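This briefing covers a single structure and groups its features by topic. Please keep the sequence and the model in view while reading.

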Amino acid sequence: MPTLFLATLYEYSPLFYITVVFVCFVVTSGFVLGWFRLDVPVILRNSEEADSLSVVSKKQMRQVKNPFGLDITNPDAASITSGISLTPNCLENCMLTCYWGCSVQRLQEALQHHLYCFLIKSPTALENVLYGEYLHKEQHVVQKHGKEEIYTQLPPDSQLEDFGSLPRTHYPLVAFLTLSDEEDRESYDIVSMLAVIHIPDRCYRLPCRIMYQYLLTSQGQFYDLKQLFMSANDYQLQSTSDSSSQDSTADKDLLEKFGLSEEDVQEDNAKDCVVCQNGTVNWVLLPCRHVCLCDGCLRYFQHCPICRQFVQESFPLCSQSSPTSDGSSPIEED
Ligand SMILES: [Zn+2]
Ligand SMILES: [Zn+2]
């Protein structure tokens, strides 16, 4: 039947083409106006319509205390041959175990073991699952609150200069933090932390950094700890790293002209929402992790105003934020 219809139409050729164009037009406008319930429609929606739409779902938050902290002391100086300095900052007495050249597959299996078999809360538990698939192991005692530098290195006789080309089968360094005292293990939700660290070598000269930080909980779950992107932090980073450069002195001069000190600007940056420039930033947008909206502006946005990524979920940094007051940024409170 449709074939017959098309054949008849084709005989009256101008009508045929007009119909084809018309059908295409209808389908395209259908896509644009969102008749087919696909994810294209947002193009034409304006802010008034966004009001009536269901607001982005808000994630349920649970606060847990993390006893572990780990920083790389001087990332620029770290290398496979010269080793790396780590600064653990822990709330309890801990044990830092460094596994150089740890098998990627075995480590992922260890995380799965934590989920389904037994908790990975001590170096022995981890090693039971790694089956010795690492090149070198070092163990250090970490004192409570003691921010002492710990230096770790591959033994010089290993003669290793790189971990091969991508995709790699071994992580350069895995730092494993565990609680030393049995009572502490009972009192914290988080029982251990696995940090996977990239260290530049002959093949890959990308700067040294922590690639993943897995927090392992006593309920047999693990979470990948991620950084939040806040404008206040960016500003501070910039101001510390560029403090000697000419740009920064020029900036300071400018600020003095307007009667502002650098601290004022940092505070302002810390509290200003990127949209209304007035409210305190409070909402973390997921999955992009930008922290740029205040309580009032959140409901108007289905896309992140910084990176335009679709916001799937969001959660507040503080549940009751008091605008104005002391101007401290929410991130400093915890
Ligand atoms: Zn705002
Ligand atoms: Zn974003």
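The model is predicted: local features need pLDDT of at least 70, side-chain atom pairs count only at pLDDT 80 or more, and totals for chains, interfaces and linings use all residues. Residues are numbered from 1 along each chain as its sequence is written, while chains are lettered from A and ligands numbered from 1 in the order in which they are written.

**Nonpolar cores**

- L173, V174, A175 and L177 touch the most other members among the 41 residues of the largest nonpolar core. A nonpolar core is a set of buried Ala, Val, Leu, Ile, Met, Phe, Trp, Tyr and Cys residues joined through C-beta atoms within 7 Å; a residue is buried if 20 or more other C-beta atoms lie within 10 Å of its own, exposed if 12 or fewer, and partly exposed in between, with C-beta atoms placed from the backbone.
- At least two residues of this core come from each of β2 (70–72), β3 (84–88), β4, α4, α5, β7, β8 (190–198) and β9. Helices (H or I, at least four residues) and strands (E, at least two) are DSSP runs, numbered from the N terminus.
- Strand β7 supplies seven residues, the largest share of this core.
- Another core, of 13 residues, lies apart from it and includes M230, W283, L285 and L298.

**Six-stranded sheet**

- The order β5-β4-β7-β8-β9-β10 describes an open sheet of six strands with antiparallel pairing; two strands pair if DSSP finds at least two bridges between them.
- β5 (136–142) and β10 are the edge strands, each with a single partner strand, so one side of each has no neighbour in the sheet.
- From one strand to the next, the twist averages 20°. Axes are lines fitted to C-alpha atoms, for helices over the stretch in contact, and angles run from 0 to 180 degrees between N-to-C directions.
- Nine bridges connect β4 and β7 in the antiparallel sense, and C94 has L179 in β7 as its bridge partner.
- Helix α5 packs on the sheet and touches β4, β5 and β7, its direction making about 15° with that of β4.

**Helix α4**

- Helix α4 (residues 104–116) lies across β4, β7, β9 and β10 and runs at about 135° to β4.
- Its buried residues are R106, L107, A110 and H114. These cover an arc of only 100° around the axis, which puts them on the same side of α4; the arc is that of the directions from the helix axis to the C-beta atoms.
- The exposed residues Q105, Q108, Q112, L115 and Y116 are carried on the face of α4 turned away from its buried side.
- The buried residues of α4 pack against β4 (94–103), α5 (123–130), β7 (170–179), β9 (209–217) and β10 (222–224).

**Three-stranded sheet**

- An open sheet of three strands has the order β2-β3-β6 and antiparallel pairing. Its twist averages 30° from one strand to the next.
- β2 and β3 run antiparallel and are joined by three bridges; I72 has L86 in β3 as its bridge partner.

- Two bridges join the antiparallel strands β12 (residues 283–286) and β13 (residues 290–293), and V284 stands opposite V291 in β13.
- Three residues lie between the strands of this hairpin, where R289 takes a positive phi near 65°.
- β12 also pairs with β14 (residues 313–316) in the antiparallel sense over four bridges; W283 has P316 in β14 as its bridge partner.

Definitions and conventions:
Two residues are in contact if their C-beta atoms, placed from the backbone, lie within 7 Å.
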